[in-house]
Amino acid sequence: MGPVTCRSCGRSYDGTLFREGRVVLCECGEWVERARPEDVRRALGDVADLARRADRITSLVLYSDLPEIDIDIEIEKLREFCRERFPDRTALFEMVYVARWRRMREQGWARSRGDERTCGDDAATA
Ligand SMILES: [Zn+2]
């Protein structure tokens, strides 16, 4: 087991201190554990990335007047990202995000486009 580095101050601790999931209280006051911080940080970054990109697509679906084909392209890009970073979670991605966007598009688009037309008509009569 290699040394473990404190995330906060960078002090290095002998790997044997972390046997059986033990943690070390660093001199700087930070708890140090062998959680492979690099991996964890990368995984968290990927999750944050996925969430951010999914949010962006949600706003596109809800608020933009991008043609459907462009939104499909955005979804495909994110699907690709998901396949790459979370290969064991692609089914979940389809269930959680893609299915939701499909519903939004089916329900919401008709409504919002209808609303727009109504607004336009009001403006024309006023
Ligand atoms: Zn420290």
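Guide: Let us begin with burial: a residue is buried if 20 or more other C-beta atoms lie within 10 Å of its own, exposed if 12 or fewer, and partly exposed in between, with C-beta atoms placed from the backbone. Of the 126 residues of the protein, 7% count as buried. This is a predicted model, in which local features need pLDDT of at least 70 and side-chain atom pairs count only at pLDDT 80 or more, while totals for chains, interfaces and linings use all residues. Residues are numbered from 1 along each chain as its sequence is written.

Visitor: Why is Glu76 called exposed?

Guide: Glu76 has 10 C-beta neighbours inside 10 Å, and the limit for exposed is 12 or fewer, so the term applies. Glu76 lies in helix H2, residues 68-85; helices are DSSP runs of H or I with at least four residues, and strands are runs of E with at least two, numbered from the N terminus.

Visitor: Which residues form the largest nonpolar core?

Guide: Its 5 residues are Ile57, Val61, Ile75, Tyr97 and Trp101. The name denotes a set of buried Ala, Val, Leu, Ile, Met, Phe, Trp, Tyr and Cys residues joined through C-beta atoms within 7 Å.

Visitor: How do you know which part of the model to read with caution?

Guide: The guide is pLDDT, the predictor's confidence in each residue, from 0 to 100. The protein averages 83, but pLDDT stays under 50 over residues 117-126. Where pLDDT is low, the predicted coordinates should not be read in detail.

How values were computed
Contact = placed C-beta atoms within 7 Å.
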